[in-house]
Amino acid sequence: MERPKPRLLGEILKSRFGLAGERLDEALAVQREKGGRIGDILVRLGYVKEDAVLEALGEQLGVPYARHLSAADVDKTLAAKVPIAFAKRFEVLPLREAGGVVQVATAHPSATGPLDDLRLLLAKPVAPVVASARAILACIHQAYERSGDSAEQVIEDLGAETLDRLATALEEEPRDLLEAADEAPIIKLVNSLLFEAVKKRASDIHIEPFERELSIRYRIDGVLYNVLTPPKRLQASIISRIKIMAGLNIAEKRLPQDGRIGIKIAGRDVDIRVSAIPTAHGERLVLRLLDKGNLLLKLSEIGLQPDRLATLDQLIRLSHGIVLVTGPTGSGKTTTLYAALNTINAPDKNIITIEDPIEYQLRGVGQMQINPKITLTFAAGLRSILRQDPDVIMVGEIRDGETAEIAIHASLTGHLVFSTLHTNDAAGAVTRLLDMGIEPFLVASSVVAIVAQRLVRVLCPACRQAYRPTPAELAKLGIGSFRPLPAEPGPGPDPATSEMFFKAGGCPECLDTGYRGRIGIYEILVMDDEVRALILAKADANTIKARAVERGMTTLREDGARKVLDGVTTTEEVLRVTAEDVT
């Protein structure tokens, strides 16, 4: 007796998912002319969704369909038996064993070769489960992240290695660090350090040599944490490996060097800036990590209260003037400027930036990297930008009087200019410009607003702990001594009915730090006639700040107090970042 022929995929799509017959005929004509799978052609033409094709394919082959996959569905002992390169190439992933049969997610259930290979690798029968290639690849990255060796484990494994084996460390970088399971030990160690840094959301890796040890620290949410102390004998190999990856001269150990590493970790592109300087006990390295996959933040996501958000949104839409963002290194100034540019970016605007370095690629924005070696400084680049008919200009930093003067003249000739300064508060930016030799009337007529900011760590919502603050703590924040804060909706308790604060706890989700992520606190000094008069009279920063506060400016400390009342951060965080602003 003959077995019935399986239904055609197109017929299943017509009966189950309402595919019109004429559209199927059109796709079949394309297939006859150009070849290819009928399901792929229908998806490309936009006639059906990928999920519908996969579900129909499963029905055609008698195979179950998994709409969603997660790393929790994967048995890591099974995944460890399958090389990640094989899993990614053929888009297959073993999920779990049931009744002696291993269920395998596959994007191509009709391709029997990879399934046969898995049967041999796992030494068990396999049963395919249809899933999308996108879901399988995402699950592969999550599953193999969980099963990767830690840096500490790699250090333990190195104990038995010979110096000859270590000498093979300087090999070519693999395509994805998760695929480096069979690499030489030093490569495994460096890859593990980079992988764990990305996994723990570190912004920097510090590799510091001392007399008898090598210290490795991660900066997470602005705070440094010790993570590893490798044996001193590994120092030269670790540093040489990183210098090779960054394209630096490994023979030169007496001069500072800078380089870059572009790598992929778990499918994410990560750009790393490497700085090496000589010290008494060897070269000290700092690696700055930038995850290119992180989306640019919007102005509404950086921590501005609604009234200040509305103010800043109006300021960045002006036709001319200078908007300055001030704060110390690492206070999020560049992120704020990128968010502003992203907000106003449109086809009818010509936006050009000059930066050091270019940290994010902005679609539709011309971005220039300074290069002092060929005399391309901020000032020189700014002069050139003015000949490019810009509407909006961003200058990464005003470092000298020449750059400040050109930026001011650009604003006075009909351009909107964004830039940064290193000052403690908004009023201090005025005196800094005057100290650079800029005439008071130029500052008063060109600067439209100054934004000062800091970053505070955000309490982990999973483990934050409520408590009642003492009067001394309230006094430190200035609550009760400054004018009442405006009532604004927030996730925490209402200060009018409660005085509950929150403090950091510690759980696996926040790596036992009590904090997860950072948010900005801000003060915005908008130039009005009274402030301009004080600038023309060369008043000091304290006088300008006092007058601005009288006219309603919220200070950094006050904005921080609002976020403490809302349960977003802690008193300690606000005091830590605003301590230098106490007068």
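The model is predicted: local features need pLDDT of at least 70, side-chain atom pairs count only at pLDDT 80 or more, and totals for chains, interfaces and linings use all residues. Residues are numbered from 1 along each chain as its sequence is written, and side-chain values use heavy atoms, with hydrogens and water left out. Helices (H or I, at least four residues) and strands (E, at least two) are DSSP runs, numbered from the N terminus.

**Helix pair α20 and α21**
- Helix α20 (residues 529-536) packs with helix α21 (residues 541-550) at an angle of about 170 degrees, and their axes are 10 Å apart. Axes are lines fitted to C-alpha atoms, for helices over the stretch in contact, and angles run from 0 to 180 degrees between N-to-C directions.
- The two helices are therefore roughly antiparallel (over 145 degrees).
- On the α20 side, E530, V531, L534 and I535 make the contact (heavy atoms within 4.5 Å), and on the α21 side T543, I544 and R547 do.
- K538 is in the loop between α20 and α21. This residue has a positive phi of about 60 degrees although it is not a glycine, and at 60% relative accessibility it counts as exposed (over 50% relative accessible area, with buried under 20% and partly exposed in between; 1.4 Å probe, protein chains only).

**Nonpolar cores**
- A nonpolar core is a set of buried Ala, Val, Leu, Ile, Met, Phe, Trp, Tyr and Cys residues joined through side-chain atoms within 4.5 Å.
- The largest has 48 residues, of which I450, L525, I535 and I544 touch the most other members.
- Leaving aside neighbours within four places in sequence, the contacts of I450 include L324, A426, V430 and L525.

**Buried face of α23**
- In helix α23 (residues 571-578), the buried residues are T571, E573, V574, V577 and T578.
- Seen down the axis of α23, these residues fall within an arc of 165 degrees, so they line one face of the helix. The arc is that of the directions from the helix axis to the C-beta atoms.
- Their cover includes β15 (447-459), β18 (515-526) and α22 (556-565).

**Other backbone features**
- D356 and P357 are joined by a cis peptide bond, with omega about -5 degrees; P357 is in the loop between β11 (351-355) and β12 (366-369).
- D389, in the loop between α15 (378-385) and β13 (392-395), has a positive phi near 55 degrees and is exposed, with a relative accessible area of 61%.

Methods: Angles under 35 degrees count as roughly parallel, over 145 as roughly antiparallel, 65 to 115 as roughly perpendicular and the rest as oblique.
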